[in-house]
Amino acid sequence: MKYSKQNFMMSVLGIIIYITDLIVDIWVSVRFFHEGQYVFSVLALSFMLFGTLVVQCFSYSWFKADLKKGGQESQHCFLLLHCLQGGIFTRYWFALKRGYHAAFKYDSNTSNFMEEQIDLHKEVIDRVTDLSMLRLFETYLEGCPQLILQLYVLLQHGQANFSQYAAIMVSCCAISWSTVDYQVALRKSLPDKKLLNGLCPKVTYLFYKLFTLLSWMLSVVHLLFLNVKIALFLLLFLWLLGIIWAFKKNTQFCTSVGMEFLYRIVVGFILIFTFFNIKGQNTKCPMSCYYIVRVLGTLGILIVLWVCPLSIFNPGYFIPISITIVLTLLLGILFLTVYYGTFHPNRREETRRDEIDGKPILRECRIRYFLME
């Protein structure tokens with residue numbers, strides 16, 4: 001494993017997107033407040049606080065676990081930083097500081113430096129991987145609800161200001177970036193997994209996630225126009241099903257019972273929007289069932305909305321958005337099929353083992369028990 005200069009630049013781009021997303025979310029919330037849309041302002045802030053509080057909890061628990069594993073005592077300064085919502089920035093500081101050292105300073109290939117190089121690169125990769133997991137949490141806990149809110153406001157009023165367009169674009173970029181970055185980090189941190197090499201697999205995976213996600217979000221927004229209570233009931237029902245699925249699979253991601261319970265709640269929330277392999281097992285059948293239900297649910301929402309009077313919608317938006325929902329869903333399923341049928345790293349897995357008999361040694365790390373693909 002090696003942390004390259006390209007990986008360092010990707011980490012820098014990651015924190016830029018993170019900060020931009022944070023600033024735009026605050027900007028939109030303040031804009032809603034000044035326009036007298038207090039409910040939307042509170043919702044935007046609530047989504048942001050919910051996501052960041054959960055992320056800080058996991059970040060601090062991982063800091064404690066890592067310090068305990070290294071034989072060190074928990075430091076109160078880390079607790080203070082996380083209480084002040086600075087956990088992610090602290091992690092980025094450590095990752096970029098050590099990452100710069102690994103990518104630009106350690107160029108010697110002499111035997112005296114090889115072991116130290118390996119340890120440094122492994123440390124940086126583990127730090128970056130933790131960040132990618134936390135960003136994935138935040139993306140689906142805060143970014144997806146935020147995007148639904150922005151789309152709802154946009155379609156409700158038929159017009160939007162620059163801040164709302166900016167929020168939609170930045171949210172899409174943040175979701176896309178964190179999803180692909182997580183997939184790359186997952187495979188880079190686990191030596192027994194094939195890397196996601198090349199541009200085509202990454203782009204195909206990105207489009208599969210983005211199109212299926214966008215189609216479902218637009219469907220939920222349409223359902224919110226029809227009846228807010230029905231839409232919220234559907235989302236809560238799907239959340240409950242996701243939590244039950246996580247408990248049924250008996251996930252073992254966290255060391256403490258309380259954090260594991262929180263993790264399963266978060267997993268259930270993520271499953272509202274997209275599918276992840278929550279136990280690292282063969283999920284061909286569950287994934288197929290998930291997207292069959294997604295297709296049926298989307299078509300059901302569209303049928304109900306077409307039966308209802310169009311007076312509750314802006315006709316100039318309803319028909320184009322309905323067509324967009326169908327097209328993005330079809331494209332998402334198409335890219336899903338292409339990715340898993342052609343580009344998934346396991347499809348190119350070599351069956352022979354010339355140098356090592358049996359299974360490769362599995363490196364113990366946190367992400368092994370996290371969401372897989």
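**Cavities and salt bridges**

Analyst: Helix α5 gives five residues to the lining of the largest cavity, which is the largest share. The model is predicted, so local features need pLDDT of at least 70 and side-chain atom pairs pLDDT 80 or more, whereas totals for chains, interfaces and linings use all residues. Residues are numbered from 1 along each chain as its sequence is written, and side-chain values use heavy atoms, with hydrogens and water left out.

User: What volume does the largest cavity have, and which residues line it?

Analyst: Its volume is about 50 Å³, and the lining consists of D21, R135, E138, T139, E142, G143, S171, A174 and I175. The elements that give two or more residues to this lining are α5 and α6 (162-189). A cavity here is a set of points, on a 1 Å grid over the protein atoms alone, where a 1.4 Å probe fits but cannot get out, and lining residues have an atom within 4 Å of a point. Grid points are joined across faces, edges and corners, and the volume is the space filled by probe spheres set on the points.

User: How many cavities of 30 Å³ or more turn up in the whole structure?

Analyst: The search finds three.

User: Back to that lining: how do R135 and E138 meet?

Analyst: Their side chains form a salt bridge at 3.6 Å, N to O, the rule being a side-chain nitrogen of Lys or Arg within 4 Å of a carboxyl oxygen of Asp or Glu. Both residues lie in helix α5, three residues apart, about one turn of the helix; helices are DSSP runs (H or I, at least four residues) numbered from the N terminus.

User: Which residues are joined into one network?

Analyst: Salt bridges with shared partners join R98, E123 and R127. The bridge between E123 and R127 has its closest N and O atoms 3.2 Å apart, and because the two residues are four apart in helix α5 (residues 111-157), about one helical turn separates them. E123 is partly exposed at 25% relative accessibility, as is R127 at 28%.

User: Changing topic, where does UniProt place the "transmembrane region" feature?

Analyst: The unreviewed UniProt entry places it at several spans, including residues 261-278 and 318-343; such annotations may be inferred rather than shown by experiment. In the model, residues 318-343 are 100% helix and 0% strand, with end C-alpha atoms 35 Å apart, while residues 261-278 are 72% helix and 0% strand, with end C-alpha atoms 14 Å apart.

User: And which residues make the nonpolar surface patch?

Analyst: F233, F237, L240, L241 and I244 make a patch of about 510 Å². F233 is in helix α8 (residues 228-248) and is exposed, at 59% relative accessibility. Patch residues have over 30% relative accessible area and no salt bridge, and nonpolar side chains (Val, Leu, Ile, Met, Phe, Trp, Tyr) are joined within 5 Å; accessible areas come from the Shrake-Rupley method with a 1.4 Å probe.

How values were computed. Buried < 20%, exposed > 50% of the residue type's maximum accessible area, 1.4 Å probe, protein only. Patch = residues over 30% accessible without salt bridge, like charges linked within 9 Å, V, L, I, M, F, W, Y side chains within 5 Å. 1 Å grid on protein atoms, 1.4 Å probe; cavity = no way out; pocket = protein on both sides within 12 Å on 5 of 7 lines; lining within 4 Å.
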